[in-house]
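Reader: I am new to this structure. Could you walk me through it, please?

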Amino acid sequence: MTAKEYLEQIYTLEIKIRKKQEKAQRIKENLVAGGISYENIGDARPRNCDDVIGKVICEVAGYLQEIKEDTATLVMLRITADKAIQKLDDESEKLVLERHYLFYDSIETIATKMNCSTRTIYRYWNKGLKNIVIPEL
């Protein structure tokens, strides 16, 4: 896995979580509209998954658990990526990689913030990607 692929996982996973959260919110809205309560689902799956409503609530609980697990993975990935970025020697490389991969700033935005050209930012970005040590997974 390249450094770029490693760091891009953060954004990809965050988008995946947001989509799941959006879907879960829609499902919850449908449940409320249908008079089904999901409030007491908790962390464990309900035991009564035999009837239609029970099956729906079990599916929602499983979906919410997936979101929690993905979120925990995202947090650990962000922490390890940040540690790897902070080990770089060049401050400009650190700043560019951090702003781009952890804060999702565009290259143009970073160039404006650093008061330099996009070409210079791309140079820092490419050097940073070459110099970063990818943590063992």
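Author: Gladly! One term to begin with: a residue is buried under 20% relative accessible area, exposed over 50% and partly exposed in between (1.4 Å probe, protein chains only). This is a predicted model, where local features need pLDDT of at least 70, side-chain atom pairs count only at pLDDT 80 or more, and totals for chains, interfaces and linings use all residues. Residues are numbered from 1 along each chain as its sequence is written, and side-chain values use heavy atoms, with hydrogens and water left out.

Reader: Is Y104 buried, partly exposed or exposed?

Author: Its relative accessible area is 26%. That value falls between the 20% and 50% limits, so Y104 is partly exposed.

Reader: What kind of aromatic pair do Y11 and Y104 form?

Author: Rings of Phe, Tyr and Trp (its six-membered ring) pair if their centres lie within 6.5 Å; planes under 30 degrees apart are stacked, over 60 edge-to-face and the rest tilted. The ring centres of Y11 and Y104 are 5.1 Å apart and the planes stand at 70°, so the pair is edge-to-face.

Reader: And what kind of pair do Y122 and W125 make?

Author: Here the ring centres are 5.5 Å apart. The planes of Y122 and W125 meet at 50°, so this pair is tilted.

Reader: Is W125 buried or exposed?

Author: W125 has a relative accessible area of 11%. The limit for buried is under 20%, so W125 is buried.
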